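Please keep the sequence and the structure at hand while reading.

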Amino acid sequence: MVLGLRQFSDRVGEDAGEPLLDADNGEELMQVLPGVALVLGNQAPESPGTLYISTKQVVWLSDVDRTKGYAVNFLSLSLHAISRDPEAYPSPCIYTQIETEADEDDSEGSDSESSAVLDLSKIREMRLIPSDPSQLDALFDIFCECAELNPEPIDEEEAAEHNWVFSADQLEDEAAEEEVLFSQNPSNSIGHSNGDHDLARTVLELHINDQRFEDADDDMEQDRNSGHH
């Protein structure tokens, strides 16, 4: 998935049309709100258009220019909030922050937001201004609901590195394998339990100590038997 804001022109229907959604993958329309102005970064507001909120993305389509539209996936929205402070922005709005592919390269800066040619890959803020400010609370609730439908993906490699769930059999098998390796070459590093060498060493030492106690018990039992004879 590409992060950030993108152009959107896939419309269906007559007149201004509606956005073409990915119904095959379960995308559903949640809210339609006409009369919404759009502000991207430090740009001047776009003429009011229609806001479409689906289970996957936020889409704004111009009512006067069928070729103009923007969309952003919920996974790219790092923050959304209601803004009613006139010092922050003159009009009450839904304020959003957008994660972009360019976030990793700060050398570009954010000056491109105010350049003659709008570079959507650098847009990190978006404001949605409904014509009726009383609709902000309901709009915010829809944003929250859809954000919950799109949780942050789990990095499988990172999750594996922090996996601390072991069964008893796994611990015993790993300890036995490490004991063999250690006996063959004591200079080998001990432990491969998700990168935590201390845990593997502790398990191995406990296993070795248990074995020594068992050997000592056997020796004592043999001495007692010999004494009886």
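## Salt bridges

Glutamate 46 and lysine 68 form a salt bridge, with their closest N and O atoms 3.2 Å apart. Because glutamate 46 belongs to strand 5 (residues 46-54) and lysine 68 to the loop between strand 6 and strand 7, the pair ties together parts 22 residues apart in sequence. The term salt bridge stands for a side-chain nitrogen of Lys or Arg within 4 Å of a carboxyl oxygen of Asp or Glu. Helices (H or I, at least four residues) and strands (E, at least two) are DSSP runs, numbered from the N terminus.

The model is a predicted one, in which local features need pLDDT of at least 70 and side-chain atom pairs count only at pLDDT 80 or more, while totals for chains, interfaces and linings use all residues. Residues are numbered from 1 along each chain as its sequence is written, and side-chain values use heavy atoms, with hydrogens and water left out.

How many salt bridges does a search of the whole structure find? The search finds three, and they are listed here.

| Salt bridge | N to O distance |
|---|---|
| Glutamate 46 and lysine 68 | 3.2 Å |
| Arginine 84 and aspartate 137 | 3.4 Å |
| Lysine 122 and aspartate 119 | 3.2 Å |

The side chains of arginine 84 and aspartate 137 meet in a salt bridge. This pair links distant parts of the chain, with arginine 84 in the loop between strand 8 (77-83) and strand 9 (93-98) and aspartate 137 in helix 1 (residues 136-148), 53 residues apart.

Buried means under 20% relative accessible area, exposed over 50%, and partly exposed in between (1.4 Å probe, protein chains only). Lysine 68 is partly exposed, at a relative accessible area of 27%. Arginine 84 is partly exposed at 48%, and aspartate 137 is partly exposed at 42%. In the remaining pair, lysine 122 is buried, with a relative accessible area of 10%, whereas aspartate 119 is partly exposed at 28%.

Strand 7 spans residues 69-73, and five of its five residues are buried. Both of its faces are covered: Gly69, Ala71 and Asn73 are buried on one side, and Tyr70 and Val72 on the other.

Two strands pair if DSSP finds at least two bridges between them. Strand 1 (residues 6-7) runs antiparallel to strand 7, and two bridges join them. Alanine 71 in strand 7 is the bridge partner of arginine 6. Strand 6 (residues 57-62) also runs antiparallel to strand 7, joined by five bridges. Here valine 72 is the bridge partner of valine 58. A hairpin of six residues leads from strand 6 to strand 7.

## The second largest cavity

Strand 6, strand 7 and strand 10 (125-130) each supply at least two lining residues. Which strand gives the most? Strand 6 does, with three residues.

By class, the lining has 10 nonpolar, no polar and no charged residues. Ala, Val, Leu, Ile, Met, Phe, Trp, Tyr, Cys and Pro count as nonpolar, Asp, Glu, Lys and Arg as charged, and the others, Gly among them, as polar.

## Aromatic pairs

Rings of Phe, Tyr and Trp (its six-membered ring) pair if their centres lie within 6.5 Å; planes under 30 degrees apart count as stacked, over 60 as edge-to-face and the rest as tilted. The structure holds two aromatic pairs.

The rings of tryptophan 60 and tyrosine 70 have centres 6.2 Å apart and planes at 25°, so this pair is stacked. Tryptophan 60 lies in strand 6 and tyrosine 70 in strand 7, 10 residues apart. Both tryptophan 60 and tyrosine 70 are buried.

For phenylalanine 74 and phenylalanine 143, the ring centres are 5.8 Å apart and the planes at 70°, so the pair is edge-to-face. Phenylalanine 74 sits in the loop between strand 7 and strand 8, and phenylalanine 143 in helix 1, 69 residues apart. Phenylalanine 74 is buried at 4% relative accessibility, and phenylalanine 143 is buried at 0%.
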